[in-house]
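Open the model in a viewer and keep the selection panel at hand.

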Amino acid sequence: MSTTQAVKGLDETPVAQRSHRSTGFLREWLTTADHKKIGLMYITYALVFLVIAGFEAILMRIQLWVPNNHFVSPQVFNRLFTMHGTTMVFFVGMPILFGWGNYLVPLMIGARDMAFPRLNAFSFWISAFAGVLLYFSYIGGSGLYAAGSAPDVGWFAYAPLTARVFSPGHSTDYWTLALLLSGVGSIGTALNIVTTILCMRCPGMKLSRMPLLAWLYLVMNGLVFVTVSPLTAAQIMLTLDRYLGSHFFDTQAGGSAVLWMHFFWIFGHPEVYVLVLPAFAFVNEIVPVFSRKAIFGYPAMVAASVGIGFISLSVWAHHMFTVGLGPAGNTFFVFATMVISVPTGIKIFNWLATIWGGRVIFATPMIFCVGFLFQFLVAGLTGIMLAAAPFDWQLGNSYFVVAHFHYVLVGAILFALFAAFYYWYPKITGRMMSETLGKWHFILFLVGFHLTFDFMHIPGLLGMPRRIYTYEAGRGWEGWNIIVGIGAFFQAAGTLVFVYNMLRSYKTGKAAGPDPWDAWTLEWSTTSPPPEYNFAVTPTVHSRRPLWDLKHPEDLDSDYE
Amino acid sequence: MSFFPKQQDLKHGNGARGVGQTPAALICLGMICAGAARAQSPTNIFDPAATPARSIFVLSMLVLAVTLGIFLVVGGLLAYALVRFRHRPQDEAREPAQIYGSNQIELSWTVIPILIVVMLFLSTTRVILGTEAIAKPAGALDVIVIGHQFWWEYRYPKYGIVTANELHVPVSDANHATYLTMSSADVAHSFWVPRLAGKMDLIPNRINTMWIDPEQAGLYLGQCAQYCGTQHAKMLLRVYAQSPADFDAWAAQQKLPARNDFFAGSAAAEGEKVFMQNACINCHAIAGTVATGRFGPDLTHLASRDTIAAGAIENTPENLRKWIDDPNSMKPGSLMPSMHLSGKELDNITAYLTQLQ
């Protein structure tokens with residue numbers, strides 16, 4: 001059988017991988033075009049920004065601990081939430097997911113590298129530069145930190161607050177240019193990943209045999225194409241407004257504030273799916289392995305993913321229910337938004353059916369996936385509440401919304417990311433992460449997450465708007481904000497355990513071997529860490545789970561497809 | 001194939017742990033609902049006091065019931081599956097039966113959610129139409145609301161009243177509701193008084209409308225709900241719902257020009273001079289005087305208001321004096337500058353403004 005032979009051939013590769021190279025460490029990483037190294041740089045870079053933006057969140061929670069607090073000034077608070085949101089979306093979420101895509105997609109489809117390795121390096125470095133540029137505004141925008149210069153227009157930077165008359169100085173320009181550059185990097189990587197998936201699959205891997213992770217990255221990056229472009233265009237228009245006297249968003253000269261909202265949210269809503277589809281991807285790979293069953297309903301999962309991709313392009317104005325679109329506009333976007341819960345529901349049901357009848361092993365990657373499943377369910381249900389436009393007239397721009405989207409971003413995406421770290425760390429480093437520390441991480445983070453984001457719904461229901469640096473006493477919001485703040489510290493502690501676990505396991509972790517989880521996709525057929533060329537012999541596959549076929553020649557997957 | 005570890009190597013993990021979440025999640029959700037329902041808050045969305053807020057409340061109860069039902073069914077099944085199908089030490093080494101899918105099952109969990117979606121969509125549409133798509137009744141009271149960084153301007157065209165920050169409306173039924181016509185003088189704002197209605201944005205170059213019909217007299221609180229700059233947090237809303245008789249009395253009083261019958265040489269008379277001779281008049285209007293500025297709030301009847309600085313500060317002579325002396329010390333980012341007045345001038349101008357009943 002050709003698969004067996006191909007994979008057996010890989011056994012003999014580790015020695016070659018260790019062949020010594022003459023280039024220095026720094027030069028090797030700065031000049032690399034290897035998809036694995038670039039992936040790891042993306043991930044490391046995102047983790048650094050995760051810690052920075054997490055710290056900003058903690059400062060905000062301290063300020064909101066009690067009413068009329070004076071821990072930070074209103075100006076500083078407004079910069080904190082702007083930088084927290086911008087950083088988390090553009091310099092944590094996007095790069096960390098691109099990083100995993102870079103690392104995993106070629107390995108899982110049996111490719112040697114990405115389709116355009118140098119474009120890959122370019123995209124990473126330009127995105128990295130964008131993040132540095134954004135943070136340079138703190139010191140370089142218009143003098144020293146105390147002079148105040150980081151952007152303070154909010155992460156969706158509604159016009160006309162961004163006009164020069166309302167935002168003088170250069171802080172808004174740093175924001176605009178940083179997003180413009182990060183957009184260029186994102187589009188480059190999206191182009192690369194789409195091309196890789198469409199053109200670089202190993203022999204036998206039809207589209208219908210791709211791992212679901214590759215499918216989801218295909219949809220995600222297709223969306224990046226369509227959605228980052230309007231944002232990038234809008235940044236150029238805004239810069240023209242600010243410096244060359246155009247009037248796209250300049251309401252004082254007849255421009256339209258609502259136009260910016262459309263531009264931003266035609267990017268901004270699909271962006272949520274850009275971030276959550278890879279989270280689905282990780283769960284699609286991890287849940288079957290730890291339930292010891294094939295994914296249930298593979299074609300339905302693919303259809304649901306593609307469906308989500310398309311429908312997500314027609315829901316953006318649900319962020320604008322309070323703009324006064326009128327009844328016709330509102331009802332259309334209510335329907336489109338509610339319909340997206342159908343394919344999303346299909347996904348949850350298929351994960352449930354995958355677990356059903358399996359033999360669930362609660363190793364650390366799996367318990368994070370369990371957290372994901374419940375929290376994503378809740379996030380979806382609060383999403384339905386927000387989709388009902390009149391309910392949104394109350395909940396929109398309140399802390400309820402903040403709680404809702406953090407349920408998606410943290411409860412679903414970050415939990416799935418943690419699962420991915422525990423699951424693929426052995427592949428990347430050749431060593432297992434500590435299960436004990438992993439469970440401590442899980443418990444601390446789970447407690448912190450629920451303290452913060454469950455209880456954050458309540459002040460929203462009681463009328464607390466978002467983006468306020470302080471609030472009045474006597475509105476019934478006091479105690480809840482303290483609970484929310486305490487949770488933030490639990491999450492920080494959990495994250496520290498996670499970072500410590502990664503660093504420690506790199507030196508002392510148990511040797512992993514090529515396939516520590518007894519998994520079924522191609523990346524587990526090569527060594528850990530994989531050699532630069534990934535596979536000594538290009539693998540040939542006959543089913544969706546090539547390593548299952550290899551391990552169970554009496555019960556081939558290919559017989560059932 | 002020696003490099004594939006035996007399956008037993010994987011069995012570190014303990015079945016009960018991941019599953020402990022379900023009750024935790026349920027308890028949390030229950031606490032959220034219970035907490036919100038019982039909370040004493042002047043801005044509770046579940047304590048409606050006007051038709052628009054009430055129709056949202058009814059819809060929200062339906063949506064909450066449906067989503068809670070879905071959560072219990074799906075979350076329950078998930079928890080059951082995780083416990084029931086956990087790995088047990090006595091399990092045989094063989095893999096469980098591999099099941100690849102079932103079209104019938106896929107179809108059922110596609111169709112049932114679609115039916116739920118259609119039901120929710122129709123209920124939602126009814127509330128949208130009932131709030132947004134009904135004609136303005138003849139007996140309605142018109143108020144123009146203009147958002148400013150960081151305060152609210154209210155104009156009553158029928159009465160010729162211009163006031164700021166404290167909106168007075170009559171208690172009414174839907175046929176005599178107050179219609180708010182909204183726009184902004186600078187950046188986007190949002191009008192949100194949760195007990196009366198959902199929020200509506202105030203956007204420059206755009207006219208939005210909403211209506212409220214408070215059922216009971218009282219003070220309804222809220223605040224700006226669209227980030228509008230440094231002092232977004234202190235752009236508070238106060239809506240005074242009054243009986244029609246009280247409202248008419250208030251309106252009659254607000255229609256009068258400002259007092260100017262001060263004794264020559266009195267503190268108030270001196271204060272009026274200070275006001276009229278400084279840049280105050282560039283931004284503030286006082287009806288019947290040379291002050292006609294429109295950048296800041298109209299001060300014609302400032303002393304009739306309970307608060308200053310868009311609801312952020314109680315309107316007492318001490319606070320008012322401190323505010324005029326240096327607004328940014330009380331509300332950093334406020335666009336009102338300090339005029340660097342002397343202590344005597346501050347005393348006088350405070351005496352004058354506190355007389356503007």
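Begin with strand 1 of chain B: six of its eight residues are buried, so this strand is largely enclosed by the rest of the structure. Buried means that 20 or more other C-beta atoms, placed from the backbone, lie within 10 Å of the residue's own; exposed means 12 or fewer, and partly exposed is in between. Helices (H or I, at least four residues) and strands (E, at least two) are DSSP runs numbered from the N terminus.

This is a predicted model, in which local features need pLDDT of at least 70 and side-chain atom pairs count only at pLDDT 80 or more, while totals for chains, interfaces and linings use all residues. Residues are numbered from 1 along each chain as its sequence is written, and chains are lettered from A and ligands numbered from 1 in the order in which they are written.

Select residues 141-148 and 178-184 of chain B next. These are strand 1 and strand 5, which pair in the parallel sense over seven bridges; two strands count as paired if DSSP finds at least two bridges between them. Across this pairing, Ile144(B) stands opposite Thr181(B), and Ile146(B) stands opposite Ser183(B).

His148(B) has Trp151(B) as its bridge partner in strand 2.

Zoom out to the whole sheet. It is open, has five strands in the order 3-2-1-5-8 (chain B), and its pairing is mixed. Strand 3 (161-164) and strand 8 (208-212) of chain B are the edges, each pairing on one side only.

Move to the other sheet, an open one of three strands in the order 4-10-9 (chain B), also with mixed pairing. Its edge strands are strand 4 (166-170) and strand 9 (218-223) of chain B. Strand 4 runs parallel to strand 10 (residues 236-242) of chain B, with five bridges between them; there, Leu167(B) is the bridge partner of Val239(B).

Last, show both chains. Which chain does chain B touch, and with how many residues? In chain B, 98 residues are in contact with 93 residues of chain A, contact being C-beta atoms, placed from the backbone, within 7 Å. Helix 3 of chain B gives the most to this side of chain B, with 16 residues.

Terms used: Contact = placed C-beta atoms within 7 Å.
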